Structures are given as structure tokens and as C-alpha cells.
Amino acid sequence: MSRVLLEVADLRVKAGGFLLRDINFEMMGDEYLVILGPTGSGKTVLLESLAGLRDIAGGRVCLNGKDITHEPPENRYLGFAYQDGLLYNFLSVRENVLFGARARGMAGDPGVIRRMEQLVESMGISHLLDRSPKNLSGGERQRVSLARAILTRPEVLLLDEPLSALDPQTRHAMQLLLKEIHSAEGLGIIHVTHDFSETLQLGTRVIIMNNGRMEQVGHPKEVFFYPATEFSAKFIGMENIIRGIIRKDNQGQLWFVLENGDLNFGPLSEGSFGTGQLPQTDEPAILLVRAGNIRLEHGDPPVTAVNCWEAVIRNVFFDRTHVDVYCDGKGLWRTSLSFFEWENLGLGEGDRVRLSVRPQDIHLISGEGHCDAEAMPSKGFKKYVF
Amino acid sequence: MKDLQCLQSTALKQNRVFAPAQTNPLKSMKINWLQLSFGLVFVVLTGFMAALIGGLFVYGKGDFLAVLRNPEFRFALLFTLWTSVTATLLAALIAIPAGYVLSRQRFPGKALIETLMDIPIVLPPLVSGVALLILLGPVLGEVLTRFSLDVVFSARGVVVAQCFIATPFAIRAFKQAFDSIDPRLEKVARTLGFSQGMVFLKVTLPLAKGCILSGLTMTWARALGEFGATAILAGITRMKTETLSVAIFLNMSIGDIQFAMSVSMIMLFLALLLMSLFKFFTSSEVSQ
């Protein structure tokens, strides 16, 4: 059982006119925690606050049970790397990697030199040691920056958008490297990004940030299929976000009804709602369905069918791996099929089709206001195991 | 032979037929009036500067070596060098922290403080001299005398006047130097284990080195040529508070044109040297 490495409670940070507030989370020793959010959501402010680079207005940060809330950055022993490498051009690559050791008076230590040599070898930058950082590529700079950050064996590595300035091939290589560092070094990583695909590929847990607050905490796949708020749903690219209302039928079953009232989804169960609680009748709600979870078929829907409706294909977009089909039927719906499935259907734009969704793929969230971080499905979503 | 003639005739015909129509190159040339007028300004300006410097050389070359051997000139040169270097170093000591604070900190009244610091740039040097004379004479004079630190009408006054005039240039240059450094480079150094003071010494200063050196050069140049404030605060006393600028003024006023011209040439050489240094530091900063 992994121990709690980092504990953040009621953290509150002022950064000019921006306020980071109500930040609460625990990080285990072997976690790869991703902080995800759009520009201006407070991700970097949070990361810098953890590193001690910002004045903390309230709350507590504990590392290994020790309160480090007001410790200066040099006493926290946390590794930090920014997106563009940020190397010191007046030093060689070797001096850059050893810069942290120099700060702690260990640059001449044979053990540190050996560790540096092993590190640069494993990261594929040993041939760059005597070069100036000015002549390095983006990927090389980022590797040197990582080597510098982890040389003195920090317990937590803080990464601020480490992949965003890299081209796709280098980014992929860096993702593999980050995974290797995470497992080989046995350290906790907090990785800030605005890219949800990075979250899915690297993260063991994700915190979605919005306007200085935590919007949702959970496993990346859990967040992918079951976002807890409308913001989370939009940010991670949920394809179908439909507003409606909860109604009860004569038999006491709950249904999600579209705003125009002529399409019902259900019957709803506890699992349909992110909080795991049955909603009240006439409560506004938002239906979230992944494009891949909407089934597209030939023909008209049966009269008695539930969760099934008629639509007309409006647009078809071919991507590298799949086909996105936009259908118009009691709203605009986006479905996603593989090339093979699409070719087998033999359909085209303007054709009438039948759309359906399985009850277990229906996910509903509250249609009112903001959703609190404490009520997020990281605690409530026990039934989803990946 | 016939074939050759035939070929030549065909070639001529082809040439006549296919050669582009001969046009007047002046007519086809489009004149960019904007570029032309701007270029003209540069030509006139360059010609004016060349004539200015050339005139100084022509009139000042006379007995140049005799002036170099003149004790008054030697005093003025050495006096100017030590006072201006001291003033520049003092200006740097003030301007580095001031420039850093103005670059990195936000505080109420910052714009007002920046304006106050810039006052010596816009104030006529004579007015600066009068203000310094009042402050260091009637206001603080007694205190300074008690500590044997008289400033008025002394060599110290020269250093103070030069420093006062040159410091705002240094503050501006250093502020720009610190502005150009990504603060995240300093933040990374903090996380690597350096204290705030060590970050300034190990990261900020090395990163700003090129800009600081070019700023120092311009500050020195400003101190070197200072006259107005120096004249009011330290006085114009031969062989006592006689800087090169003062020497030119004194000798022009008594009609020793040859001496004044030769000193002017020396100052011109110094200015060219400082400008070259400035350009060198600026270009090395750009290439980093």
C-alpha cells in the first residue's frame, strides 16, 4: 500500500487579480497526477504554489506528513521543469544538469557524478554534455531539463506543460521517457497540461481545474466517460451534451426527457447519475453520451422502442482512424464508427437512419450551476472499474 | 558556306522577331519615392557627421603631441578617468538593485518613483547642479563637513554630479536588462536549491551580463562628458576640478583654441571607443 506523499488542504493563493481556492487533494507516493485545464484556470499557479514559488494566502501543504506550506522553494526538495526546458545558456549542458547539485554543494561528489552519468545515458543525452544549450533541439532541451530536475532525487517532480512545445514525434518519445522516469525513479509526478490525450496516456489520476477551482478529480478514463460537470464534459471533448429534464412515469420510473419533450431516455438508475444519487422529478439535467456509444443503423425505429430515435445523416467526416457522422433527429447527434463499419452500412449524407443508445451508456449530470469538487465521482464512482 | 549564311540569316530573323522590345530603362524603372527620400536623409546625416568629425581633425591636428605632453591636459585626462569611473561604479551600485526592484516588483506609486528617478534625464544639467548645490551646501553641508566629506567645490563634487546625471541611464538600462530575463529561469534555480540571493548572483547577473555591460558603457559615456552639473557643484577650477569637458571650456574661454581642439579630439576618440564597446556588448547579448 502506497503512502500519502503530498497532502493539500484548503489551499488558497492570490496571484494578482486571480484567486486559486478550495484546493484539496492527496497524492500517493507512486501516483502520476495530471492537472488538466484551459489557459487561465490556475494550473501553473497551483504547481508553483506547491513548489513554494508563490505566497500562500491560506490552507496547508504537507510533504511526507511535514508541513511545508511556508517553506522556501530551496528547502522543499521538489523537482520542477517548465514547458520550454528553460536551460541556462551561459552554462554547458553538463553544468546545467549539475546545477541543482551545485546549489546543494554536491557537484563534486563522486556519487552525484556517477548518478548524472547514468541519468544522461538513460535519457540519451550523454553526447550533449559538453555542448551549449543554445544549439539543442526542443526535445533535447526538455530531456536536459528533466535530468537537471531529478538529479538530486526529489520525491515529487512538478512538470508544467512539458510536452506542449514539442512536435508530435518528439512528444511521443517524451511520453515514453516520462513513463520510464515515473517507474524507474519511483517518484510522484504532477503534470500540468491542457491536453486531455496526455492525461489519458500518462495519468493515474486527473484533477480538472476551472477558474481557480477543482472541477473534478478522478481516474482519466472515468473522467473521459463520466465527466461530472458540463465544463468537464466540454473540456474533455464530450461529443453529445444535451439539455433536458427528469420526469417520472406512471410506474414510478425516472426518464430523461429532451427539452422539446418528444424523446425519452431511460429508465434511469443510480448508475446513470454521476453522484450515484437518484435525481428528483422535474429536475433539469444534462445527458452526456460519447459518440462511440451511439449506435447507427438502417431503418426506422420500432414504435415501442426506448432510447431509440430516427435521424437523417447531415455530415460525414473521415478521420485517420474513424468516421464521424453528424445526424439530425430531435437535435444534432454525433456518432463515431470505424471505417469498416461505415463501409458495411453503405450509407451517405441525406439517408434516414435509426440511432440508439444503451441504458448503461446514458450518463447524466445536474443541469444546474456549479458542481462541487467534494461531490466528484472519484468518491462516488465505485462501480466503474477499468 | 551557303548553309552558314542561311543559318545566320535565320538567326537574325529570329532575333528580330523574338528579341524583347528595346525600352528605355529609366522609363521602366519604378521609383520608390519613400525609400529615396529616406535614403537622402541618411546621406545628408552621414555627410554632416563626417564633416563635423573631419573639421575637428583638420583644425585639431596642429600640435597634437605638444598638447598630450601638457601637464594640464594630463591632469584633466587622469582626473576625468578616475572621477567618471568612480561615478559609474557608484551609479552601478545604485542602479542594479533599483533596476531589479523596478523590473520585478509591483508596488503602489511605482510609476511616480520611476518618474522621479528619470528626472535628471530631462532636467537641464545646470538645474541639476543648482539643486545638488542647495542640497549638499546649505542643507546638508554642515553634516558633511563634520564627517570631512565636503562635496561642494571639490573633486568629490565632480563624482557626485557625474553620478547624479548618469545614474538614471544606468537604472533604465539595467531595468531593461532584468526585464529581458524570463523570471521562470530564476524560479527553476530556486527549486534546484539556490536561495533568493544566490539566484541573483548565479542566475540573474550572468543572464543580464551583456545588457549590464552595455548599460555601464553608456553610463560611463554620460559621466565622461558631464559638464553643466559639475560646473555648478564642483566649480571650474584649473588643475583642481578640471575634467576634460571643463578643460575645453576653460581654454576656449581664454582663446587657446589649439588646446581645446586637441582635447575635443581625445574626447571624440573616447566616445568612439565607448560606442564600439557598447555595440560589442549589445551584439554579444543578441547572439546569446
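How many salt bridges are counted between chain A and chain B? The count is three, where a salt bridge is a side-chain nitrogen of Lys or Arg within 4 Å of a carboxyl oxygen of Asp or Glu. One salt bridge is formed by A:Asp84 with B:Arg184, whose closest N and O atoms are 3.0 Å apart.

The model is predicted; local features need pLDDT of at least 70, side-chain atom pairs count only at pLDDT 80 or more, and totals for chains, interfaces and linings use all residues. Residues are numbered from 1 along each chain as its sequence is written, chains are lettered from A and ligands numbered from 1 in the order in which they are written, and side-chain values use heavy atoms, with hydrogens and water left out.

At the interface, 24 residues of chain A are in contact with 19 residues of chain B, contact meaning heavy atoms within 4.5 Å. The area buried between the two chains is about 2000 Å², with 64% given by carbon and sulfur atoms; buried area is the accessible area (1.4 Å probe) that two parts lose on being put together, summed over both. Within chain A, the most area is lost to chain B by A:Glu74, A:Tyr88 and A:Phe90, which together account for 26% of what that side buries.

Five residue pairs, both residues at pLDDT 80 or more, are in polar contact between chain A and chain B. A polar contact is a pair of N or O atoms within 3.5 Å; within protein, one must be able to donate a hydrogen and the other to accept it, and residues adjacent in sequence count only if both atoms are side-chain atoms. Helix 1 (43-51) and helix 3 (99-103) of chain A are the elements that give two or more residues to the side touching chain B. Helices (H or I, at least four residues) and strands (E, at least two) are DSSP runs, numbered from the N terminus. Helix 3 of chain A provides the largest share of this side, four residues.

Chain A also contains an open sheet of five strands in the order 15-19-16-17-18, with antiparallel pairing; two strands pair if DSSP finds at least two bridges between them. Its edge strands, strand 15 (294-298) and strand 18 (332-338), each pair on one side only. Strand 15 pairs with strand 19 (residues 352-357) over five bridges, and A:His298 stands opposite A:Val353 of strand 19.

Another open sheet of five strands in chain A, likewise antiparallel, has the order 13-12-11-14-20. Here five bridges join strand 11 (residues 240-248) to strand 12 (residues 254-258), and A:Arg247 stands opposite A:Trp255 in strand 12.
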